[in-house]
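Please examine the model shown below with its sequence at hand.

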Amino acid sequence: MMISVELNSNASEKIHYNHSDYPMFIRRGLLSLYPNYTAPNHWHDDIELIAVLDGEMKYHVNVEILLLKKGEGIVINSGQMHFGFSDTQSECDFICVLLHPMLLCPIHSFERDYLQPVISQQGFAFALLRAGIEWQHQIYERILALYEHCSRKAAPLWILSEFSAIWALLYENLPKSTSNGMRQTRDLTILKNMVGFIQQSYPKKITLSDIAASGAVGQSKCCRLFASYFSLSPVAYLNQYRLNKSLSLLKETDLSILEIALSVGFGNASYYAETFRRWMGKSPSEFKKQLHKELPI
């Protein structure tokens with residue numbers, strides 16, 4: 001079954017944690033479970049950790065695209081736009097961990113001295129984990145340990161222990177802030193405003209001018225930001241978001257193709273079907289039939 005990322009109204013990812021009382025999410029995944037081997041662009045307050053077990057994937061963080069191979073990984077700082085993908089539709093087996101920074105704040109001085117200096121560091125959007133660098137390899141191994149701890153009786157305690165060790169390694173080894181950090185932070189805030197507008201307004205008719213206005217920028221800067229962060233035009237991003245929303249309707253409802261097209265903001269069924277086919281390689285009707293075949297009796 002394909003995976004779709006559920007988003008909050010501000011375009012941050014809505015996290016369904018493993019433990020309802022603890023902000024921890026840990027799972028093993030396959031890139032092929034996402035439409036076109038591409039996870040939706042998203043951000044969240046949690047720290048994200050990825051460890052590639054087999055295969056490889058590209059990882060888009062803000063304006064950079066990084067290649068992650070077997071035995072490598074990445075740590076994504078809080079609040080960064082990111083997504084994994086394969087433009088060649090190659091499989092990737094990976095572990096994904098989301099841990100909220102509040103776990104590391106038993107007292108205020110921990111937050112002041114060790115948490116905020118890292119989270120707020122403008123040069124730290126991500127940290128690559130390469131096998132040949134000892135402290136990075138140690139974090140990779142601890143991501144594997146996090147996954148193994150999930151089944152333990154005291155799983156939250158073991159996970160907290162590993163997370164603290166990972167944070168200590170980041171704190172001691174991260175380079176200082178880069179000079180372009182403040183500009184990227186401003187651009188990211190503008191982009192989040194525009195993406196949030198798209199998410200709230202996607203069922204309605206939206207123009208490029210509307211999207212740019214929601215970020216209080218001109219249309220040319222709006223297009224540059226979407227191209228830099230998502231490798232898409234604003235309109236292409238809007239259509240892809242609408243298509244992602246339509247997937248859940250195809251899976252979970254008996255609405256007609258026309259009803260689905262109109263409910264997610266497409267003007268008519270034929271344009272929706274044409275756009276869907278270019279994106280998924282099959283029509284919405286074919287996709288729905290395939291889903292029914294995959295469902296257990």
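In this predicted model, Ile-50 stands opposite Ile-74 in strand S4. The pairing to which these strands belong is antiparallel: strand S2 (residues 47–61) and S4 are joined over 4 bridges. S4 also pairs with strand S7 (residues 126–129), again in the antiparallel sense and over 4 bridges; here Gly-73 stands opposite Leu-129 in S7. Within S4 (residues 73–76), Gly-73 and Val-75 point one way, whereas Ile-74 and Ile-76 point the other way, and all of them are buried.

Strand S2 has a further partner in S6, with which it pairs in the antiparallel sense over 8 bridges. In this pairing, Val-52 has Phe-94 of S6 as its bridge partner. S6 is joined as well to strand S1 (residues 24–30), by 7 bridges in an antiparallel arrangement, and Arg-27 has Cys-96 of S6 as its bridge partner. How many of the residues of strand S6 (residues 92–99) are buried? The count is 8 of the 8, so the strand is largely enclosed by the rest of the structure. Cys-92, Phe-94, Cys-96 and Leu-98 point one way from S6, and Asp-93, Ile-95, Val-97 and Leu-99 point the other way.

The cysteines may be considered next. A disulfide is a covalent bond between the sulfur atoms of two cysteines. The structure holds 0 disulfides. Cys-96 takes part in none, since the nearest cysteine sulfur, that of Cys-92, is 11 Å away. Cys-96 counts as buried because its relative accessibility is 8%. Cys-150, by contrast, counts as partly exposed, at 28% relative accessibility. Its sulfur lies 11 Å from the closest cysteine sulfur, in Cys-96, and this is too far for a bond.

Charged side chains form another set of contacts. Side chains of opposite charge can pair when their charged atoms come close. The structure holds 8 salt bridges, and one of them links Arg-130 with Glu-72, the closest N and O atoms being 2.7 Å apart. Arg-130 lies in the loop between S7 and helix H2 (134–149), and Glu-72 lies in the loop between strand S3 (64–69) and S4, so the pair ties together parts that are 58 residues apart in sequence. Arg-130 is partly exposed, at 27% relative accessibility, whereas Glu-72 is buried, with a relative accessible area of 15%.

Two further salt bridges can be described. Arg-112 and Asp-113 meet through their side chains at 2.8 Å, N to O; Arg-112 is partly exposed at 47%, and Asp-113 is partly exposed at 31%. The side chains of Glu-286 and Arg-277 meet at 3.8 Å, N to O. Glu-286 counts as partly exposed at 38% relative accessibility, and Arg-277 counts as partly exposed at 43%.

The surface also carries a nonpolar patch of about 390 Å², made by Ile-107, Phe-110, Tyr-114 and Tyr-171. Of these residues, Phe-110 is found in helix H1 (residues 108–119) and counts as partly exposed, at 39% relative accessibility.

The view may finally be widened to the chain as a whole. It has 10 helices and 7 strands. Its radius of gyration is 20 Å, close to the 19 Å that the globule rule gives for 297 residues, so the chain is as compact as a globular protein of that length. Along its principal axes the C-alpha trace spans about 55 × 50 × 35 Å. Of the 297 residues, 47% count as buried.

How values were computed. Residues are numbered from 1 along each chain as its sequence is written. This is a predicted model: local features need pLDDT of at least 70, side-chain atom pairs count only at pLDDT 80 or more; totals for chains, interfaces and linings use all residues. Side-chain values use heavy atoms; hydrogens and water are left out. Patches are made of residues with over 30% relative accessible area and no salt bridge: like charges are joined within 9 Å, nonpolar side chains (Val, Leu, Ile, Met, Phe, Trp, Tyr) within 5 Å. Accessible areas come from the Shrake-Rupley method with a 1.4 Å probe; for residues, only the protein chains shown count as cover. A salt bridge is a side-chain nitrogen of Lys or Arg within 4 Å of a carboxyl oxygen of Asp or Glu. Helices (H or I, at least four residues) and strands (E, at least two) are DSSP runs, numbered from the N terminus. Buried means under 20% relative accessible area, exposed over 50%, partly exposed in between (1.4 Å probe, protein chains only). Two strands pair if DSSP finds at least two bridges between them. A disulfide is a pair of cysteine sulfur atoms within 2.5 Å. The radius of gyration is taken over C-alpha atoms; the globule rule is 2.2 Å times the number of residues to the power 0.38.
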